[in-house]
Amino acid sequence: MNFELALSVLSQGLKLWNTAQARKYLKELMELKEEYYHEFNRPDRSDLNLDRLHDRIKLIATHFATQSSLGDDASSSSK
C-alpha cells in the first residue's frame with residue numbers, strides 16, 4: 001500500500017473516531033509524518049530511522065483499529 005494513502009486513511013479514521021485518545025494519536029501521527037519526510041529527503045537518510053518511523057505509525061494504526069472496534073462492540077451490545 002502506498003505510504004501516503006495509508007497515512008491519509010489513518011488520519012481520517014482518527015478524525016472520525018473523535019476521542020481524546022484519537023486526538024493524541026493524530027497529533028503524534030502528524031509529528032511522525034513530518035519527521036518521516038524530513039528523514040526521507042536527507043541526502044544521507046537512514047533506512048533504520050525510516051523503518052522505526054514506519055513501525056511507530058503501524059503501531060498507532062493497530063492500536064486505533066483495536067480500540068475503535070472495541071468501542072463499536074461495546075456500543076452495539078448495549079442496544
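A salt bridge is a side-chain nitrogen of Lys or Arg within 4 Å of a carboxyl oxygen of Asp or Glu. The exercises below concern a predicted model, in which local features need pLDDT of at least 70 and side-chain atom pairs count only at pLDDT 80 or more, whereas totals for chains, interfaces and linings use all residues. Residues are numbered from 1 along each chain as its sequence is written, and side-chain values use heavy atoms, with hydrogens and water left out.

**Exercise 1. Determine which helices are linked by the salt bridge of R56 and E28.**

Step 1. The side chains of R56 and E28 meet in a salt bridge with an N to O distance of 2.6 Å.

Step 2. R56 belongs to helix α3 (residues 47-77) and E28 to helix α2 (residues 20-40), so that the pair links distant parts of the chain, 28 residues apart; helices here are DSSP runs (H or I, at least four residues), numbered from the N terminus.

Step 3. R56 is partly exposed at a relative accessible area of 28%, given that buried means under 20%, exposed over 50% and partly exposed in between (1.4 Å probe, protein chains only).

**Exercise 2. Describe the salt bridge of E35 and R52, and the setting of both residues.**

Step 1. The closest N and O atoms of E35 and R52 are 2.8 Å apart.

Step 2. Because E35 lies in helix α2 and R52 in helix α3, the pair ties together parts that are 17 residues apart in sequence.

Step 3. Both residues count as partly exposed, E35 at 36% relative accessibility and R52 at 42%.

**Exercise 3. Find the network to which the salt bridge of D44 and R42 belongs.**

Step 1. The side chains of D44 and R42 meet at 3.2 Å, N to O.

Step 2. Salt bridges that share partners join E39, R42 and D44 into one network.

Step 3. D44 is exposed, with a relative accessible area of 53%, whereas R42 is partly exposed at 33%.

**Exercise 4. Classify the aromatic pair of Y36 and F40.**

Step 1. Rings of Phe, Tyr and Trp (its six-membered ring) pair if their centres lie within 6.5 Å, and planes under 30 degrees apart count as stacked, over 60 as edge-to-face and the rest as tilted.

Step 2. The count comes to three aromatic pairs, and Y36 with F40 is a stacked one, at 6.0 Å centre to centre and 15 degrees between the planes.

Step 3. Y36 is buried at 8% relative accessibility, while F40 is partly exposed at 35%.

Notes:
Helices (H or I, at least four residues) and strands (E, at least two) are DSSP runs, numbered from the N terminus.
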